[in-house]
Amino acid sequence: MQFNLTRNILENYRQQSDTIADLTVKKLTEEYNNESLWKLYQQLINDLDELDYEQLDSTLKTYFIQNQTIPTWANANLVKIAEALFLDIGPVYSACLLCRALPIGYSSAKTVKVLTSTGYLSKDVKQGTAKRLLETTQFIFNVMEENTFVLNSKGIKHILKVRLLHAIIRYHLLKHNWDENKYDIPINQEDMAGTILTFSVGAIKGLQVLNIKLSEIEKNALVHYWAVIGALIGVDEKLLPQNYTEGEHLYEKILDHQAKHTPDGEVLTKALCNFIRGFLPVTGISDFPEYLVQHLINNPKYSDLIGLHKPQNSKDQLMFGMLMWYLKKLNQYRKKPLTNSLVKKTNKIFATKLANYFANEFEMQLNVPETIKTAWGLT
């Protein structure tokens with residue numbers, strides 16, 4: 001399948017959403033009043049445990065039962081490679097998502113409008129940035145756990161829950177004066193495809209900056225894995241590349257298509273950097289999160305759009321440069337026994353600090369699957 005999509009084709013995808021999830025929400029609006037539907041949304045978004053859809057009403061139960069079909073093109077071997085890769089480099093992969101793939105998305109003006117319209121910029125950090133990041137982190141853990149693509153797995157139920165939440169948000173925004181002519185359909189097909197590629201191609205590009213060179217089959221496996229998730233979450237298969245070369249091509253095209261500076265994009269970036277600063281302070285470099293995000297994005301076009309710049313004084317340049325050199329050297333030789341031990345220790349520190357920051361600062365608990373805890377050396 002070719003992914004040489006023109007801007008006109010991408011524009012058309014911005015007018016398409018997800019019929020299955022939208023029809024489910026339409027049926028729910030006939031069964032629930034507005035207050036009850038809002039309570040359902042809050043219940044689904046706040047419950048990070050494994051979803052028990054058997055306890056839901058018949059409309060929701062039918063939705064969860066009927067939409068678990070894995071695409072016929074899903075490749076079990078590539079899925080296993082991606083699962084093993086996450087167990088191996090999951091912490092630094094997660095760091096690249098948090099510090100590179102997510103913030104570069106803030107350069108997409110119309111996507112940012114959806115985020116700011118759904119409470120992502122809540123003045124209460126606990127209910128805004130931190131909560132959204134906790135939800136995203138838990139989603140990653142649940143969908144990257146081994147044996148996700150089997151009937152009734154925790155991962156599939158979480159994917160379908162997010163798909164339904166997208167449709168509820170879409171319904172809510174369209175009902176409350178959303179400017180469709182200016183911002184297109186909220187959470188449309190192009191936006192969803194771009195998000196799926198963020199979790200694969202976007203993170204891989206950060207890994208490359210940090211000198212983690214994945215093999216071609218590892219890159220293809222990660223893109224393929226997230227394509228399967230994309231199919232389950234309602235993305236048109238014509239927007240789901242299954243290898244890295246095609247994925248990178250479409251990812252860059254979607255980013256370029258929506259790139260535009262917005263004040264909200266800068267505010268989102270600052271909020272994210274403040275969150276990173278909270279759990280990962282680096283002595284002597286006060287603007288370390290900003291420098292790190294800019295460095296990992298590795299493209300001034302997008303860094304400038306979200307208000308990030310390189311270190312401005314020689315001391316910061318020197319200290320940041322030395323830290324990046326050290327990390328890249330570690331990663332260059334990460335498969336050698338001694339260096340591998342240091343890499344694992346560094347990754348464990350990152351993962352532990354993030355989990356503890358959620359727990360101690362915001363009283364939010366991540367549920368880390370046992371296989372991931374064991375692989376990462378977490379307690």
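Which residues does Ser200 touch, not counting residues up to four places away in sequence? Bear in mind throughout that this is a predicted model. Select Ser200, which you will find in helix α10 (residues 189-209), and then show Leu222, Val223 and Trp226, which are the residues that Ser200 touches once those up to four places away in sequence are left out. Ser200 has a relative accessibility of 1% and therefore counts as buried, the cut-off for that class being under 20% relative accessible area.

Next, select helix α7 (residues 129-144) together with helix α13 (residues 263-279), whose axes come within 10 Å and cross at roughly 75°. Since angles of 65 to 115 degrees count as roughly perpendicular, α7 and α13 are therefore roughly perpendicular to each other. To see where they meet, display the side chains of Thr129, Ala130 and Leu133 on α7 and of Ala271, Leu272 and Phe275 on α13, which make the contact. By class, the residues of this contact divide into 5 nonpolar and 1 polar, with no charged residue among them.

The structure as a whole holds 19 aromatic pairs, and two of them can be visited now.

Select Trp178 and Tyr183, an aromatic pair with 5.5 Å from centre to centre and 50° between the planes, which is classed as tilted. Trp178 is buried, with a relative accessible area of 11%, and Tyr183, at 17% relative accessibility, likewise counts as buried.

Then move to Phe288 and Phe320, whose ring centres lie 6.1 Å apart and whose planes stand at 55°, so that this pair too is tilted. The pair links distant parts of the chain, with Phe288 in helix α14 (residues 288-297) and Phe320 in helix α16 (residues 314-332), 32 residues apart. Phe288 is buried, with a relative accessible area of 4%, and Phe320 counts as buried at 6% relative accessibility.

For the last stop, select Lys219 and Tyr244, and look at the charged end of Lys219, which sits over the ring of Tyr244 at 4.6 Å from its centre.

Key. Residues numbered from 1 in each chain as written. Predicted model: local features only at pLDDT ≥ 70, side-chain atom pairs only at ≥ 80, totals over all residues. Heavy atoms only, no water. Axes fitted to C-alpha atoms, helices over the stretch in contact; angles between N-to-C directions. Helix = DSSP H or I, 4+ residues; strand = E, 2+ residues; numbered from the N terminus. Parallel < 35°, antiparallel > 145°, perpendicular 65-115°, else oblique. Contact = heavy atoms within 4.5 Å. Nonpolar A, V, L, I, M, F, W, Y, C, P; charged D, E, K, R; others polar. Phe/Tyr/Trp six-rings, centres within 6.5 Å; stacked < 30°, edge-to-face > 60°. Buried < 20%, exposed > 50% of the residue type's maximum accessible area, 1.4 Å probe, protein only. Lys NZ or Arg CZ within 6 Å of the ring centre and 35° of its normal.
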